[in-house]
Amino acid sequence: CVSVLVCGCLWCWFYFYFQEVLPVLAAKHCMMQATAELRQSALANQKKKFGEEIARLQHATELVKTAASRYDEYVNVKDLSDKINRALTAAKKDNDFIYHDRVPEVKDLEPIGKASLVKATAVQTPLSQKFSDLFEKMVPMAVQQSVSAANSRKADTVNRLIGSMREATNLCNGVLASLNLPAALEDLSGEAVPQSILEKSRAVVQQGGLQSIEQLIKDLPELLQRNREILDESFKMLDDEEATDNELRAKFNQRWNRTPSGDLYKPLRAEGNNFRNVLDKAVQADQVVKERYTAHCEMIALLCKPENELSAAIPSANPAKTLQGSEVVNVLRAQLAQLDEVKREREVLEGEVKSVTFDMTTKFLTALAQDGAINEEALTASELETRYGSHTQRVQQNLRRQEELLSQIQVSHQEFSALKQSNSEANNREEVLKKLASAHDSYIEISSNTKEGTKFYNDLTEILLKFQNKCSDIVFARKTERDELLNLIFLFLFQTQQQPQAKPQPPARPPPPNITPQAASTSAPISTPVPPGSTNPPPVAPPTGPSQAQGPPYPTYQGYPGYYQMPVTYNPYAYGQFNMPYMPYQAQGQAGYPGGPPAQQPYPYPQQPPQQQPYYPQQ
């Protein structure tokens, strides 16, 4: 049956496909081919191939006729047929009267080619300039740790080189300021402001003058206070939660079985104390900057004044005309020029040292693959020597050259000072020029220090906010844990209080009397009094077999306090309390139920005469 059903379905499908689908596909094919020939004929007309145009239109006409004759019920080709016929009539007319081009056969026509709608471009990698491989930096943990250590060694090397060059520059500026150079060589007239002082004054004004560093110094305490408040708030959260934990631990003793907050917060408190030490050191650095600013603020303010006010503030001295063409002055100027060249070379060296970049990942991966381990210190030292060896030598040569020039300048300056005319006015003028030069250097250093301090406090604020969030998260988690533990403890205490107390046990029930059948048969019957006015005798207990006195097979309810059970003989009709024998019911003149036990000695209850008439009065 299944095979017949499958064959029937396949036959229906094939019938539908060949009768409905194939005709539609064939009609569409003819129409599309005719449309393609029509388009190609227009292209042939543009290329002045009029014979090819007529041939393609004729082929399109035949295709339309085929579709109309065979598949008329599936498609409508009237519009396409009219368009092709109009184009064919016009093409034949023009060719017959004007062009007289030969019409080729359809089989001689070139097949219609494929149109290139888009231009294919090769895929280039990377696809974008901002492309970055997400898996490029995924390396083994040993390589990652070695790269971090190598970067740390590289940073130490760069900082050491740059720090030595900056210290040399500060030393050079300090020595020249103490010697009042080059202002002493430019002030041979004793009246005009030296050119170097004017340049220093313009540099100070361009950087904002005294107001800029005053504002920066004023902002430092506010930034410091903000960081202190964040740190104090973090410690306060930890202290409050720890105090609560200790209080509850003392209250519940052993039931408060969670980790003490004091032990849990030790790493956070150590981190916070480190931040506090950093802030204390920053306060000391701020105090040094303020003291230096206080010492030079007067001269810095003088540098910020216009040139005429600056010239008026500098004392004048007698002109030293005898020194203008002396050999000592020329030697000092040459030495200062060489010293400036050394300083410029040092700036270039600093930029080159900062621009050196290299990656040790490939070398570490190769070492790990070959040896199974990475000797990070040896590989990094070798690479640092290769990259920074030449820079280190040039820095050392530069520092030695500066040291030699400074010693020569000091000797030449002694000769220059000996040749200068000694008077109080010249000394006062030289002292003021020294202070102005030193004020310029101090302004540059104070400005750099205050900007660095502002950046330090802003960066530290972000770090402290992260530390505060960390403290807030752990305190919130501890509070949640505390609430859950309190709920469990309170639930336990509540359940303990709700448990019922043990009730007092009633006195033990005395055992039933052991009565033998012989005693029962010899016992005298006790007569039951008959109510007055009644002719019916009292009921007689049915005969029973010998009773075996024993207690009930299951424990009975002990009762509430003060409760006492009724005597056993209270309800003589309660069957089954003390294993009383089965007593069959037998009406008068009716046989007993089958299987009843044989009649035995009666139970020792009071006997009554045999029943003659109903006990209850008759209506």
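Is Phe-252 buried or exposed, judged by its relative accessibility? I began my notes with this residue, keeping in mind that the model is predicted. At 8% relative accessibility, Phe-252 counts as buried, because the cut-off for that word is under 20% relative accessible area.

**Entry: the rings around Phe-252**

I next looked up the aromatic pairs, and the structure holds six of them. In one of these pairs Phe-252 is stacked with Trp-256, with 6.0 Å from centre to centre and 20 degrees between the planes. I checked Trp-256 as well, and at 1% relative accessibility this residue counts as buried. Phe-252 also pairs with Phe-490, but here the arrangement is edge-to-face, with 6.2 Å centre to centre and 65 degrees between the planes. Since Phe-252 belongs to helix α7 and Phe-490 to helix α14, I noted that this pair ties together parts that are 238 residues apart in sequence. Phe-490 is partly exposed, with a relative accessible area of 45%. Phe-252, Trp-256 and Phe-490 together make one aromatic cluster.

**Entry: the nonpolar cores**

Which residues have the most contacts inside the largest nonpolar core? I found that this core has 22 residues, and that the ones with the most contacts inside it are Ile-197, Ile-213, Ile-300, Leu-310, Ile-314 and Leu-436. At least two residues of the core come from each of α6 (195-206), α7 (209-252), α9 (266-303) and α14 (424-498). Another core, of 19 residues, lies apart from this one, and I wrote down Leu-223, Leu-268, Phe-275 and Leu-460 as being among its members. In soluble globular proteins, nonpolar side chains tend to be buried together.

I then followed Ile-197 by itself, leaving aside its neighbours within four places in sequence, and saw that Ile-197 is in contact with Ala-183, Leu-303, Leu-310, Leu-433, Leu-436 and Ala-437.

**Entry: helix α9**

How far apart are the end C-alpha atoms of α9? They are 53 Å apart, whereas the 38 residues of this helix should span 56 Å at 1.5 Å a residue, so I recorded that the two values agree. I also noted a kink of about 55 degrees in α9, centred on His-296.

Definitions and conventions:
Residues are numbered from 1 along each chain as its sequence is written. This is a predicted model: local features need pLDDT of at least 70, side-chain atom pairs count only at pLDDT 80 or more; totals for chains, interfaces and linings use all residues. Side-chain values use heavy atoms; hydrogens and water are left out. A nonpolar core is a set of buried Ala, Val, Leu, Ile, Met, Phe, Trp, Tyr and Cys residues joined through side-chain atoms within 4.5 Å. Buried means under 20% relative accessible area, exposed over 50%, partly exposed in between (1.4 Å probe, protein chains only). Helices (H or I, at least four residues) and strands (E, at least two) are DSSP runs, numbered from the N terminus. Contact means heavy atoms within 4.5 Å. The expected span of a helix is 1.5 Å times one less than its number of residues. The bend at a residue is the angle between axes fitted to the seven residues ending there and the seven starting there. Rings of Phe, Tyr and Trp (its six-membered ring) pair if their centres lie within 6.5 Å; planes under 30 degrees apart count as stacked, over 60 as edge-to-face and the rest as tilted.
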